[in-house]
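Take a look at the fold below. We will walk through a strand and its neighbours, then a helix.

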Amino acid sequence: MNVLVTGGAGFIGGHIAEALLDAGHQVSIVDDLSSGFRENIPAGARFYQIDIRAASLAEVFKNELPEVVCHQAAKANVRESLEVPVLYADVNILGSLNLLECCRKFGTRKVLFASTGGAVYGEPEFLPVTEDHPVHPLDPYGASKHALEHYLYLYRANFGLEYTILRYPNVYGPRQNPFGEAGVVAIFANQILHGDAPPTINGTGEQERDFVFVSDVVQANLLALNRGDGGIFNIGSGVGTSVNRIFQLLAQFAGYPYSPRYGEPKQGEVSKISLDGRRALEQLGWSPRVSLEDGLQLTLDYFRKANRQSRPLSVNCTN
Ligand code: NAD
């Protein structure tokens with residue numbers, strides 16, 4: 001298949017592009033490198049350094065004529081979105097609409113969309129959250145992602161553009177940016193291995209998230225190339241893990257003797273969330289394969305080898 005990956009220089013998009021190439025697909029990448037890195041772009045992918053909001057996106061579609069678009073590009077920081085909501089709507093809604101218009105004009109068959117299970121549901125009424133749980137985003141990031149879910153629905157209804165929406169959990173693994181405000185596993189792993197001071201946990205550390213290793217999220221995208229048309233899927237393990245537990249496991253695996261520091265809780269964060277992945281199992285044949293313990297070890301291995309100075313400060317996503 002001929003697949004265009006937006007955000008393919010990012011953490012998740014880079015892994016997806018690599019896996020698509022390994023599976024024999026043709027891959028092109030659109031990324032403006034605002035939070036992504038050239039070194040995440042796999043050899044063999046054609047790269048266009050373009051903002052998804054740009055009119056020149058149409059030129060990429062004209063050249064590439066992608067059959068499937070795997071849409072990972074986004075502004076993806078909950079806290080930042082509360083500071084600059086208009087920017088989040090501009091990139092995540094209007095930029096994505098520019099992309100959907102290109103899909104429509106150049107005959108793309110299907111869009112895979114990276115939505116967020118952590119930010120669309122709001123404070124959960126029950127756990128683990130199913131796809132039928134009420135949607136009440138508490139921040140502009142979550143609202144912008146949910147808005148695009150509606151647009152995908154109406155593009156399918158009106159123009160026959162197929163889609164699958166994947167609501168990601170807290171994705172973690174090699175190449176996640178450890179210098180952002182979010183991405184707790186990458187931040188802790190990097191600080192435990194290379195930091196001058198122990199990591200700081202915001203609040204009590206008893207807040208829970210659903211942590212899924214990046215290769216499992218990649219696998220969900222690969223399965224959705226041919227399955228899950230018109231569907232919304234939680235890509236979750238159904239299990240919540242506290243931030244304290246994440247620290248504990250990383251410290252144990254790395255032989256780190258110090259305790260974490262505790263800081264003020266961050267406003268606007270949900271207290272506990274986990275995503276019920278049963279629909280993804282039934283309809284996509286997806287379930288997470290990498291245990292939390294193995295995934296954390298693999299992430300530590302990566303950060304052991306990574307040069308701590310190699311990456312600039314940038315935002316990343318915990319939701
Ligand atoms: P990331 O920041 O590493 O990747 C996003 C990529 O999009 C970057 O390479 C960035 O340069 C690019 N980008 C941003 N704005 C752009 C624009 N206007 N034009 C072109 N490219 C642009 O983040 P990630 O963690 O890999 O997230 C990938 C996707 O998954 C995002 O859509 C995010 O909202 C979603 N998501 C991530 C998580 C997570 O835990 N990491 C959870 C839920 C959803």
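Two strands pair if DSSP finds at least two bridges between them. Helices (H or I, at least four residues) and strands (E, at least two) are DSSP runs, numbered from the N terminus. This is a predicted model, where local features need pLDDT of at least 70, side-chain atom pairs count only at pLDDT 80 or more, and totals for chains, interfaces and linings use all residues. Residues are numbered from 1 along each chain as its sequence is written, and side-chain values use heavy atoms, with hydrogens and water left out.

Start at strand 5. Strand 4 (residues 68–71) pairs with strand 5 in the parallel sense, over four bridges. Cys70 has Leu112 as its bridge partner in strand 5. Strand 6 (residues 162–168) also pairs with strand 5 in the parallel sense, over seven bridges. There, Thr116 has Tyr168 as its bridge partner.

How many residues of strand 5 are buried? Seven of the seven, residues 110–116, so the strand is largely enclosed by the rest of the structure. Buried means under 20% relative accessible area, exposed over 50%, and partly exposed in between (1.4 Å probe, protein chains only). In a regular strand, side chains alternate between the two faces of the sheet. Lys110, Leu112, Ala114 and Thr116 are buried on one side of strand 5. Val111, Phe113 and Ser115 are buried on the other.

Now move to helix 9, residues 243–254. Its buried residues are Val243, Asn244, Ile246, Phe247, Leu249, Leu250 and Ala251. After helix 9 comes Gly255, with a positive phi near 65°.

Note on methods: Expected span 1.5 Å × (residues − 1).
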